[in-house]
Amino acid sequence: MAARRATKKPNISKDELTQYYRDMLLIRRFEEKAGQLYGMGLIGGFCHLYIGQEAVVVGLEAAAEEGDKRVTSYRDHGHMLACGMDPGGVMAELTGREGGYSKGKGGSMHMFSKEKHFYGGHGIVGAQVPIGAGLAFADRYKENGRVTFTYFGDGAANQGQVYETFNMAALWALPVVFVIENNQYAMGTAQQRSTSTPDLHTRGEAFGIPGEVVDGMDVLAVKTAGEKAVGHCRAGKGPYILEVKTYRYRGHSMSDPAKYRTREEVQKMREERDPIEHVRAMLLEGKHASEEDLKAIDKEIKKVVNDSAEFARESPEPALDELWTDIYAEAR
Ligand SMILES: Cc1ncc(C[n+]2csc(CCOP(=O)(O)OP(=O)(O)O)c2C)c(N)n1
Ligand SMILES: [Mg+2]
């Protein structure tokens with residue numbers, strides 16, 4: 001099936017396609033490793049994996065320019081890797097170690113990188129949406145041509161604060177791409193059980209915000225839609241909505257018993273729509289890469305991920321007096 005999807009000849013270079021393969025594979029292998037470390041008790045608390053959704057963030061990062069910003073929910077490991085944050089720093093944060101992006105005090109949902117313009121990691125559903133508009137407001141004020149990618153889920157799309165944000169973003173023509181990652185579930189609730197109007201890309205109509213639906217299992221389709229959206233924002237035309245249809249293969253979080261969908265449903269997606277297999281087929285069919293070339297890439301990515309886990313395991317736990325740093329209140 002993946003091979004059948006690859007028959008359309010895209011206008012894309014071998015290097016670009018290989019890069020997307022590499023970037024998506026890094027997220028997949030990193031998440032699999034995080035799942036393993038969680039199982040071994042090395043990661044505690046919440047941990048939400050991005051497996052299945054890789055093409056969304058890799059396609060949109062391909063449409064981003066230096067200085068553009070991004071903000072997302074708790075399902076954030078893929079976003080951090082895709083914008084170039086260090087896998088070792090992310091993994092060490094997952095394991096609560098000193099070498100992590102938040103010195104081991106934030107965990108999976110609370111990491112930031114000013115250098116890479118990554119503004120979190122937010123555990124409250126929908127809370128990142130007004131933050132994304134705020135970031136875009138700053139850029140509009142400075143007239144620096146930057147765009148903010150504000151990611152949220154299909155469940156979050158029913159939050160009130162999203163619509164307050166849409167209103168202000170449209171009113172002030174803020175350069176923000178609202179990316180709705182529609183993976184069809186909000187925890188154990190399927191979209192048809194929670195959502196009156198399922199066409200989420202039309203949710204900006206009342207505010208005059210254009211939107212479109214995108215195949216989120218096809219990295220090239222995501223990139224093309226991303227470029228259009230970003231172009232709209234950079235031209236000063238205000239916000240744009242992309243509803244990216246995707247699917248998460250794993251549970252909502254590591255503690256999800258997954259009783260709300262069948263194994264067959266997940267299996268079908270994996271077999272017929274996998275975003276990495278899609279690009280792999282394109283590389284092979286287009287004779288851009290041989291099986292050996294791809295094996296070498298797989299090996300290279302595995303090493304990066306294993307090294308990140310090694311770094312995470314060797315990094316010490318934060319010292320006790322770190323409890324009193326990076327807090328708002330006077331401690332004593
Ligand atoms: C305000 C708020 N309500 C409820 C929760 C509990 N909760 C965490 S994730 C989630 C589902 C969100 O689903 P969706 O927006 O589709 O994102 P996905 O997990 O699918 O990426 C819920 C209800 C929360 N964290 N914050
Ligand atoms: Mg969802």
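In this predicted model, an open sheet of 5 strands has the order 1-2-3-7-6 with parallel pairing, where strands are DSSP runs of E of at least two residues, helices are runs of H or I of at least four, both numbered from the N terminus, and two strands pair if DSSP finds at least two bridges between them. Strand 1 (69–71) and strand 6 (211–215) lie at the edges and have a single partner strand each, so one side of each is left without a neighbour in the sheet. Residues are numbered from 1 along each chain as its sequence is written, and chains are lettered from A and ligands numbered from 1 in the order in which they are written. Local features need pLDDT of at least 70 and side-chain atom pairs count only at pLDDT 80 or more, whereas totals for chains, interfaces and linings use all residues.

Strand 6 pairs with strand 7 (residues 240–245) in the parallel sense over 5 bridges, and Glu212 stands opposite Leu242 in strand 7. Helix 9 (residues 219–234) packs on the sheet, touching strand 3, strand 6 and strand 7, a contact being two C-beta atoms, placed from the backbone, within 7 Å. The direction of helix 9 makes about 170 degrees with that of strand 7, with axes fitted to C-alpha atoms, for helices over the stretch in contact, and angles running from 0 to 180 degrees between N-to-C directions.

Around ligand 1 there are 14 residues, of which Val125, Gly153, Gly155, Ala156 and Ala186 come nearest; a residue is near if its C-beta atom, placed from the backbone, lies within 6 Å.
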